[in-house]
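The exercises below are meant to be worked with the sequence and the model side by side. Try each task before reading its solution.

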Amino acid sequence: MNEPILSIRGLTKTYKGGTRALDNVDLDIRKGEIFALLGPNGAGKTTLIGAVCGLVRPTGGTITAFGQDLSHDWRAARARIGLVPQELATDMFETVWRAIAYSQGLFGKPSDPARLEEILRSLSLWDKKDTQIRALSGGMKRRVLIAKALAHEPELLFLDEPTAGVDVELRKDMWQQIAALKQRGVTIILTTHYIEEAEEMADRVGIIRSGRILMVDEKRAMMERLGTTEAIIALAAPMTVIPPDIASFPVELSDRGSRIIYRGGSSSTDGEGGARAQIASLTQTMTRAGIDYTSIDIHDSSLEDIFVGLMGKKEAE
């Protein structure tokens, strides 16, 4: 396996007063991937990003980017890293063009108007290039943050809640922009409250809570391993007990005996042991037993279902 583009080992951050925002975090990011970091508010996502981007001084641990230890070679590595923060941190009276040009020069890049035009056009900001940032809509201001982060052509890009507060149409437009960046070889680390974004775009997913990484896995593998399938079978006639013929399946009665609820298996649809194969066997067994049903509704776990389940499990422990 190739060396990770970013490697974090034993990273901790304890603030004055004793609050531990990061607790012995280990994480490797692969070159060219989209990695989604999910967690509730206060989980440590923004602190982790700040530590890599030089905005937060870690209490302990090491961060290696592009093979360079950031505690020694921070400036060289930071020039190859881009950040789209949650909060708009720029001169609101500056024009879009001047704000982007400033970001390009900030990292020692020579002036490249053609590249700036390409970035602004790709983000549908070209017609706003001479507009003061304060006059833009919230969604347009968010795009300016992305343009500023791209101005010095980073190889590793952090997106900290990039679509917070923007409408659904603009959010999907940004998904396309992020996919295009990946096609150009940019490695992307994304934090988001919209878990469907991670499900839509991410190659791998990490889940963080209380400063600790709970799990890191390929998105598809995580959904197959932790996901479940639910089938709601509406019966033609209610029943009071589950007949012996179907009691071996993971089912229960619901709605005063008018429905059979199946929950179990993996959300994967492949193989004889898959949930959908088991549901097919269940309905065949019901038919042989003379149990009529009027409809069946099958639902596979989403990444959000898995996330909520993990958070609830940890709260109970």
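**Exercise 1: Helices α3 and α4**

In this predicted model, α3 and α4 pack with their axes 11 Å apart and at an angle of about 120 degrees. Decide which word describes the arrangement of α3 to α4, and find which residues of the two helices meet.

*Solution.* Step 1: angles of 65 to 115 degrees count as roughly perpendicular and those over 145 as roughly antiparallel. The angle here is about 120 degrees, and α3 is therefore oblique to α4. Step 2: the crossing in which α3 passes α4 is right-handed. Step 3: on the α3 side the contact is made by V96, W97, I100, A101 and Q104, which meet P113, R115, L116, E117 and L120 of α4.

**Exercise 2: Helices α3 and α5**

Work out how helix α3 (residues 96-106) lies against helix α5 (residues 138-150), given that their axes cross at roughly 30 degrees.

*Solution.* Step 1: the axes of α3 and α5 come within 8 Å of each other. Step 2: angles under 35 degrees count as roughly parallel, and with a crossing of roughly 30 degrees α3 and α5 are therefore roughly parallel to each other. Step 3: the handedness of the crossing of α3 and α5 is right-handed. Step 4: from α3, the residues V96, A99, I100 and S103 meet V144, A147 and K148 from α5. Step 5: the contact of α3 with α5 has 5 nonpolar residues, 1 polar residue and 1 charged residue.

**Exercise 3: An aromatic pair**

How many aromatic pairs does a search of the whole structure find, and which parts of the chain does the pair of W97 and W126 tie together?

*Solution.* Step 1: the search of the whole structure turns up 1 aromatic pair. Step 2: this pair is formed by W97 and W126, whose rings lie 6.1 Å apart, centre to centre, with 75 degrees between the planes. Step 3: planes over 60 degrees apart count as edge-to-face, and the pair of W97 and W126 is edge-to-face. Step 4: W97 belongs to helix α3, while W126 sits in the loop between α4 (113-122) and α5, so the pair ties together parts that are 29 residues apart in sequence. Step 5: W97 has a relative accessibility of 23% and so counts as partly exposed.

**Exercise 4: Buried or exposed?**

Classify T187, G274 and K16 by their relative accessibility, and place each of them in the chain.

*Solution.* Step 1: T187 is part of strand β8 (residues 187-191), and because its relative accessibility is 0%, T187 counts as buried. Leaving aside neighbours within four places in sequence, T187 is in contact with I5, I29, R30, K31, G32, E33, E155, L156 and L157. Step 2: G274 is located in the loop between β13 (259-264) and α9 (275-288), and at a relative accessibility of 5% G274 likewise counts as buried. The C-alpha atoms of G274 and T228 are 10.0 Å apart, although 46 residues separate the two along the chain. Step 3: K16 lies in the loop between β1 (6-14) and β2 (20-29), and with a relative accessibility of 87% K16 counts as exposed. From K16 to P154, C-alpha to C-alpha, the distance in space is 33 Å, and the two are 138 residues apart in sequence.

**Exercise 5: Positive phi angles**

Most residues other than glycine have a negative phi. Describe where S124 and D255 are placed, and what their phi angles are.

*Solution.* Step 1: S124 is not a glycine, yet its phi is positive, at about 55 degrees. S124 is placed in the loop between α4 and α5 and is partly exposed, with a relative accessible area of 39%. Step 2: D255, which is not a glycine either, has a positive phi of about 50 degrees. The loop between β12 (251-254) and β13 holds D255, and with a relative accessible area of 47% D255 is partly exposed.

**Exercise 6: The whole chain**

Summarise the protein by its secondary structure, its extent and its contacts.

*Solution.* Step 1: the secondary structure comprises 10 helices and 14 strands. Step 2: a box of roughly 75 × 45 × 40 Å, taken along the principal axes, is filled by the C-alpha atoms. Step 3: 45% of the 317 residues count as buried. Step 4: of the contacts between residues at least 6 apart in sequence, 68% join residues at least 24 apart.

Terms used: Residues are numbered from 1 along each chain as its sequence is written. This is a predicted model: local features need pLDDT of at least 70, side-chain atom pairs count only at pLDDT 80 or more; totals for chains, interfaces and linings use all residues. Side-chain values use heavy atoms; hydrogens and water are left out. Axes are lines fitted to C-alpha atoms, for helices over the stretch in contact, and angles run from 0 to 180 degrees between N-to-C directions. Helices (H or I, at least four residues) and strands (E, at least two) are DSSP runs, numbered from the N terminus. A crossing is left-handed if the near helix is turned anticlockwise from the far one by less than a right angle, and right-handed if clockwise. Contact means heavy atoms within 4.5 Å. Ala, Val, Leu, Ile, Met, Phe, Trp, Tyr, Cys and Pro count as nonpolar, Asp, Glu, Lys and Arg as charged, and the others, Gly among them, as polar. Rings of Phe, Tyr and Trp (its six-membered ring) pair if their centres lie within 6.5 Å; planes under 30 degrees apart count as stacked, over 60 as edge-to-face and the rest as tilted. Buried means under 20% relative accessible area, exposed over 50%, partly exposed in between (1.4 Å probe, protein chains only).
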